[in-house]
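Here are my notes on the model, as numbered points. Have the structure open while you go through them.

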Amino acid sequence: MPIPPLNGLRAFEAAARHLSFTRAAEELNVTQSAISHQIRTLEDRLGVRLFRRLNQALVLTDAGQLLLPSVRDAFARLAAGLERITQHERSGVLTISVAPSFASRWLMSRIGRFRARHPEIHLRISVSQHEIDFEREADVDMALRHGLGVWEGLRADRFLNDEVFPVCSPALLHGPTPLERPTLEHPADLRHHVLLDDIGHSYWAAWLASAGLSDLKPTSELVFDEIGIAIEAAENGQGVAMARATLVSEELATGKLVRLFGLSLPGDFGYYVVCPAETAERPKIALFRRWVVEEGAAAAAALSPPPSTHPAP
């Protein structure tokens with residue numbers, strides 16, 4: 001026999017447990033007449049009566065008593081299966097793709113807070129330069145990406161604004177260096193220095209154009225395939241690098257790097273937490289997305305100047 005509709009079986013189980021159509025209706029948030037109708041439909045389908053009224057009391061018939069244990073067991077198994085699915089979605093392994101520089105310079109100092117908050121989720125950080133293809137790399141759940149926030153078929157939530165500006169080591173700024181290079185007092189002085197660049201995201205042309213120096217020719221250029229290496233080269237006095245604010249906040253605070261000239265590119269680019277649109281609300285993914293957005297807001301607040309305490313003139 002085909003399985004009857006679940007609504008009728010659920011109404012039967014609740015009414016049998018309470019021995020009351022009224023209390024079953026309250027539990028299932030429907031009307032008493034809806035419970036009566038569902039049970040009547042179930043009885044007609046089975047060809048037997050499941051309840052009878054006796055002295056204004058509701059009692060199970062022999063058929064009802066025979067059916068009840070099987071229905072209870074079936075709903076218990078269903079509930080256990082749904083709970084296992086829910087636990088699987090809220091716990092287990094969560095794989096996140098991150099660029100090396102962002103992983104080492106921003107994420108690693110903060111990730112312990114997520115792990116403390118959600119110990120049931122086991123993180124797997126996949127460090128990679130290339131953009132993950134979620135269809136081909138199905139084991140990756142989400143990614144932290146730098147860009148404009150437009151990726152077809154993906155949900156992208158911005159969690160960090162960004163700006164780009166030149167940085168160098170204090171020794172290079174205050175010279176003279178062993179090679180007697182001139183100091184860096186004005187943007188035009190860059191023509192006497194080595195410009196350090198990231199082949200994946202080259203910002204020098206746009207920055208020089210904004211400084212009115214589109215035709216500037218530096219002493220030489222040193223190009224890396226990862227922005228973190230360019231920043232390390234700048235720390236070691238190898239030249240002037242274009243740095244993202246999100247990646248050098250610690251170095252600027254400790255004096256390992258110095259920001260030059262006060263001119264930066266606006267933050268059209270930013271950092272996004274990205275995942276396929278159809279999986280965006282899975283519990284593990286949603287929990288990590290909310291956490292990283294909170295961390296981004298906290299990082300932005302830490303960089304903002306405190307409000308002035310001076311009275312207005």
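How many helices and strands does the protein chain have?

1. The protein chain has 11 helices and 12 strands. Both are DSSP runs numbered from the N terminus, with helices being H or I of at least four residues and strands being E of at least two. A word on provenance: this is a predicted model, so local features need pLDDT of at least 70 and side-chain atom pairs count only at pLDDT 80 or more, while totals for chains, interfaces and linings use all residues. Residues are numbered from 1 along each chain as its sequence is written, and side-chain values use heavy atoms, with hydrogens and water left out.

2. Some totals. Of the 313 residues in the protein chain, 42% are buried; buried means under 20% relative accessible area, exposed over 50%, and partly exposed in between (1.4 Å probe, protein chains only). The chain exposes about 17,600 Å², with 54% supplied by carbon and sulfur atoms. Those areas come from the Shrake-Rupley method with a 1.4 Å probe, and for residues only the protein chains shown count as cover. As for contacts (heavy atoms within 4.5 Å), among those between residues at least 6 apart in sequence, 75% join residues at least 24 apart.

3. Next, the inside. A nonpolar core here is a set of buried Ala, Val, Leu, Ile, Met, Phe, Trp, Tyr and Cys residues joined through side-chain atoms within 4.5 Å. The largest one has 40 residues, and F102, W106, M142, L144, F159, L196 and F288 touch the most other members. Helix 11 (residues 283-303) gives this core its largest share, six residues. Not counting residues up to four places away in sequence, F288 touches L94, I96, I111, F114, L123, M142 and L144. There is also a second, separate core of 19 residues, with L9, A11, L42 and L58 among them.

4. Helix 9 (residues 227-235) deserves a look of its own. Which of its residues are buried? They are I227, G228, A230, I231, A233 and A234. These buried residues pack against helix 5 (100-107), strand 7 (164-168), strand 8 (194-198), strand 9 (220-224), strand 10 (240-244) and helix 10 (245-254). At the start of helix 9, a side-chain oxygen of E226 comes to within 2.8 Å of the backbone nitrogen of G228. After the helix comes G237, with a positive phi near 75°.

5. Now F75, in helix 4 (residues 62-90). F75 is partly exposed, at 23% relative accessible area. Setting aside neighbours within four places in sequence, F75 is in contact with L6, L9, R10 and E13. F75 and E13 are 62 residues apart in sequence, yet their C-alpha atoms are 9.0 Å apart.

6. L6 itself lies in helix 1 (residues 6-18) and is exposed, with a relative accessible area of 51%. Together with L78 and L82, L6 makes a nonpolar surface patch of about 280 Å². For the record, patch residues have over 30% relative accessible area and no salt bridge; like charges are joined within 9 Å, and nonpolar side chains (Val, Leu, Ile, Met, Phe, Trp, Tyr) within 5 Å.

7. On to salt bridges, meaning a side-chain nitrogen of Lys or Arg within 4 Å of a carboxyl oxygen of Asp or Glu. By this rule there are 18. One of them pairs E27 with R17, the closest N and O atoms being 2.9 Å apart. E27 sits in helix 2 (residues 21-28) and R17 in helix 1, 10 residues apart. E27 is partly exposed at 40%, and R17 is partly exposed at 37%.

8. An α-helix has 3.6 residues a turn, so residues three or four places apart point the same way. D73 counts as partly exposed at 39% relative accessibility, whereas R77 counts as exposed at 60%.

9. R289 lies in helix 11 and D157 in strand 6 (residues 154-161), so the pair ties together parts that are 132 residues apart in sequence. R289 is buried, with a relative accessible area of 6%. Elsewhere, salt bridges that share partners join E13, R17, E27 and R72 into one network.

Definitions and conventions. Polar contact = N/O pair within 3.5 Å; in protein donor to acceptor, adjacent residues only side chain to side chain.
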